[in-house]
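This report goes through the model shown below.

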Amino acid sequence: MKIGKETIPRSAICTSDSETIVVRGKNLAVDLIGKMSFTDYFHLLVTGQPPTPAATAVLNATLVAIAEHGLVPSVQASRMTLAAAPDALQGAVAAGILGCGSVILGASETCGVFLEEIRVRAGDAKDYAEAAKQVVGEYRAAKRAIPGYGHPLHKERDPRVTALFTVAEQAGADMTYVEIADVVEKVIPGVVGKNLMLNVSAAIPAVLLGVGFPMAALRGVPILARTAGLIGHLTEEFQKPIGFALSYQATRNYVYDGEMP
């Protein structure tokens, strides 16, 4: 049974023959290896185009900003998985990446959609303040979290936000989404009733969308970055195992509150 429009699989990403490997129209061995950074190569793979200098600076900065975040749940899951199966590094990495959802890492994509919704709502008038009030109000009425705002530790603005915004500005990126993100932070108290400061999950889409990075690939940036962080944690896990200690910490205060036979 045919499902979808295509009957022949097609891809513009890669092909090869006995002598040449082609990636996005480039000879891998001649044009890319040793001549293009991994950040630029990632951009090429995703978009099909080499990045502008601004896109390189911004994309590289976002990857650095989000690669490491301590013993968050995805890292704990990864390290405990390696402790249980030390022969399966790939399984431990996968365990951590599978925890990348709407709360951890996926918020960048959700916030990108949110910022774009405000940009479209503002229209040609570019009244971002009024559009932000409307959209934040709608989220509030629907009891939806405002993605990219508020942080359990950084009650003031997340320090990574200023760093990323500075990189984008100095690189000459379009600052439209940064402006929208700033406006949202200002209107939130009046709509929500409390301060919710920008966090890195808002800064990432704000700067990436400003250099033309595709909305559909936004979640891929923190996933790629966190993969590097996970490999760092797992290398340390081989050297200084704490996976079972993490498991012990989780069960030490465990209380059974079900029925007894």
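Which residues in α4 meet which residues in α11? The model is predicted, and the answer below is taken from its coordinates.

## Packing of α4 with α11

On the α4 side, the residues are Ser74, Val75, Ser78, Arg79, Leu82 and Ala83. They meet Arg226, Leu230, His233, Leu234, Glu236, Glu237 and Phe238 in α11. Sorted by class, this contact of α4 with α11 holds six nonpolar, three polar and four charged residues.

Helix α4 covers residues 73–84 and helix α11 covers residues 220–239. Their axes lie 10 Å apart, and the helices pack at an angle of about 40°. An angle of that value makes α4 oblique to α11, because angles under 35 degrees count as roughly parallel and those from 65 to 115 as roughly perpendicular. The crossing in which α4 passes α11 is right-handed.

## Packing of α4 with α12

Helix α4 also packs with helix α12 (residues 243–252); the two axes come within 7 Å and cross at roughly 120°. Here α4 passes α12 in a left-handed crossing.

From α4, the contact uses Gln76, Arg79, Met80, Ala83 and Ala84. From α12, Gly243, Phe244, Leu246 and Ser247 take part. By class, the contact of α4 with α12 comprises five nonpolar, three polar and one charged residues.

Strand β2 spans residues 21–23 and is joined to β1 by three bridges, the two strands running antiparallel. Within this part of the sheet, Ser16 stands opposite Ile21 in β2. In general, strands of a sheet pair through backbone hydrogen bonds, in either a parallel or an antiparallel manner.

## The chain as a whole

The secondary structure of the protein chain consists of twelve helices and three strands. Its C-alpha trace spans about 65 × 60 × 50 Å along the principal axes.

The protein chain has 261 residues, of which 39% count as buried. Among contacts in the chain with a separation of 6 or more, 69% are between residues 24 or more positions apart.

Key: Residues numbered from 1 in each chain as written. Predicted model: local features only at pLDDT ≥ 70, side-chain atom pairs only at ≥ 80, totals over all residues. Heavy atoms only, no water. Pairing = 2+ DSSP bridges. Helix = DSSP H or I, 4+ residues; strand = E, 2+ residues; numbered from the N terminus. Axes fitted to C-alpha atoms, helices over the stretch in contact; angles between N-to-C directions. Parallel < 35°, antiparallel > 145°, perpendicular 65-115°, else oblique. Left-handed = near helix turned anticlockwise from the far one by under 90°. Contact = heavy atoms within 4.5 Å. Nonpolar A, V, L, I, M, F, W, Y, C, P; charged D, E, K, R; others polar. Buried < 20%, exposed > 50% of the residue type's maximum accessible area, 1.4 Å probe, protein only.
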